[in-house]
Amino acid sequence: MNPFLINNYKSPKYFCDRKTETADLLKNIKSKTDTAFFAQRRIGKTALIRHVFYLLKKEKLVSIYLDIYATLDLGDFTNQLANAIYTAFPPKQTVGRRFLEAIKSLRPIITLDEITGTPQLSLDITKTAQFERTMPQLLKFLDSENVQVIIAIDEFQQILTYPEKNVEAILRTVMQTLKNVHFIFCGSNQKMMHQIFNNAKRPFYASTKNVNLQRIDRKEYSKFIKSHFQNNKIDIEADAIELMLDLTDCHTYYTQRLCHEVFDAKVEKVVTDTVLQSLNKILTDNENIYFQYRNLITSNQWKLLKALSIEEKVFQPYSKKFLKDHDLGSSAIVKRSLEALVEKELVYYHSGIEEPYYEVYDKFLMRWMQYK
Ligand SMILES: Nc1ncnc2c1ncn2[C@@H]1O[C@H](COP(=O)(O)OP(=O)(O)OP(=O)(O)O)[C@@H](O)[C@H]1O
Ligand SMILES: [Mg+2]
């Protein structure tokens, strides 16, 4: 089995570091404090939550995970929540039976998921007003069961796109009455998460603790990589590990993906050439996606993306030197393109640090642009 996972969480063995973040989350959960955190795409938000839930398995605590990325309105949200509760408390258990009893008037419908075959619950209600009542009702039911429940809502910023503008208020109001149910909110859109949690005029302001999720410590990652190769009797040069972490800038997903590919190369000894060949394979596999990007953005944006790729980190995108070196035209053009690229999540703005900078979000796209 390839020990470098690229799309899920398995167990602590395959999970690198995150000791501080894990401890912070566990502490918040134990002290019944709600947590909210924003972090970059593909840095390991979901895996961190999964890891914490894995560690809590032995405790007398029920963990519920909800990814609301695909939800479009409060109705979807409520149905996801109801289904998650149903999955966490199957009807074989007393709580599960009581849950079905409690929501009987909402006419729950159970269907089997076509692909996985697992039962899915949805509520037969359609009016917004009903959902406005139902969501608090579901949470109050959980609260009344005298078990500690922790609900993680992933991609939480999605609620800002709902047509109902009062979801934050409804949720926050009911949260204040809950004693046994606590939350982890997590999201990858910086601007939107900021809007929800750091705006003094909004319901969630100053109501949660934060966890700071950045790149995994380079030394820890290096040890992790080395041990997994060695455990599988593959020799790996220190230089090859360093090169991998350079190429991916230590960003979790890209590092995992590259290690995965290198591991699959099935060589006896990994050297820097193995790494470059593996990267090349990934870039070739992704090439048609990159060409599609080109059709989706303007030529000015493409040019800027290329310039950012070459520079890797850009602290002053409007400086004369940057504009001139890459023949980008006026700073007004760059400003417009940059805003569009950030909006499209092709470029990421690292703020909240001493020297903020811009970088291409996708590290493989960045490498590909450099080589083209
Ligand atoms: N600490 C870790 N050690 C090893 N692999 C990890 C770690 N954290 C995450 N991963 C792996 O990296 C990949 C990306 O992680 P994950 O999906 O958790 O990121 P995310 O921040 O939730 O991404 P997205 O923004 O796309 O939702 C996953 O395949 C996961 O298995
Ligand atoms: Mg995620």
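This is a predicted model: local features need pLDDT of at least 70, side-chain atom pairs count only at pLDDT 80 or more; totals for chains, interfaces and linings use all residues.
## The shell around ligand 1

Ligand 1 is surrounded by 20 residues, and the closest of these are Ile6, Asn8, Cys16, Lys45 and Ala47. Sorted by class, the shell around ligand 1 holds 8 nonpolar residues, 7 polar residues and 5 charged residues.

Domain 1 (18-210) and domain 2 (216-286) both contribute residues to this shell, so ligand 1 lies between the two domains.

## Polar contacts with the backbone

Two oxygen contacts can be followed along the backbone: a polar backbone atom of asparagine 7 is 3.0 Å from an oxygen atom of ligand 1, and a backbone N or O atom of asparagine 8 lies 2.7 Å from an oxygen atom of the ligand. For cysteine 16, a polar backbone atom is 2.8 Å from a nitrogen atom of ligand 1.

Ligand 1 would expose 630 Å² if it were taken alone, and the protein buries 88% of that area. Helix H2 (45-55) and helix H10 (252-264) are the elements that give two or more residues to the shell around the ligand, with H2 providing the largest share, 3 residues.

## Glutamine 230

Glutamine 230 belongs to helix H8, which covers residues 218-231. Its relative accessible area is 42%, and glutamine 230 therefore counts as partly exposed, since this class lies between the limits of 20% for buried and 50% for exposed residues.

Glutamine 230 and lysine 269 are separated by 39 residues in sequence, while their C-alpha atoms are 10.0 Å apart in space.

Terms used:
Residues are numbered from 1 along each chain as its sequence is written. Chains are lettered from A and ligands numbered from 1 in the order in which they are written. Side-chain values use heavy atoms; hydrogens and water are left out. A residue is near a molecule or strand if one of its heavy atoms lies within 4 Å of it. A polar contact is a pair of N or O atoms within 3.5 Å; within protein, one must be able to donate a hydrogen and the other to accept it, and residues adjacent in sequence count only if both atoms are side-chain atoms. Accessible areas come from the Shrake-Rupley method with a 1.4 Å probe; for residues, only the protein chains shown count as cover. Helices (H or I, at least four residues) and strands (E, at least two) are DSSP runs, numbered from the N terminus. Ala, Val, Leu, Ile, Met, Phe, Trp, Tyr, Cys and Pro count as nonpolar, Asp, Glu, Lys and Arg as charged, and the others, Gly among them, as polar. Domain bounds come from an automatic or database domain assignment. Buried means under 20% relative accessible area, exposed over 50%, partly exposed in between (1.4 Å probe, protein chains only).
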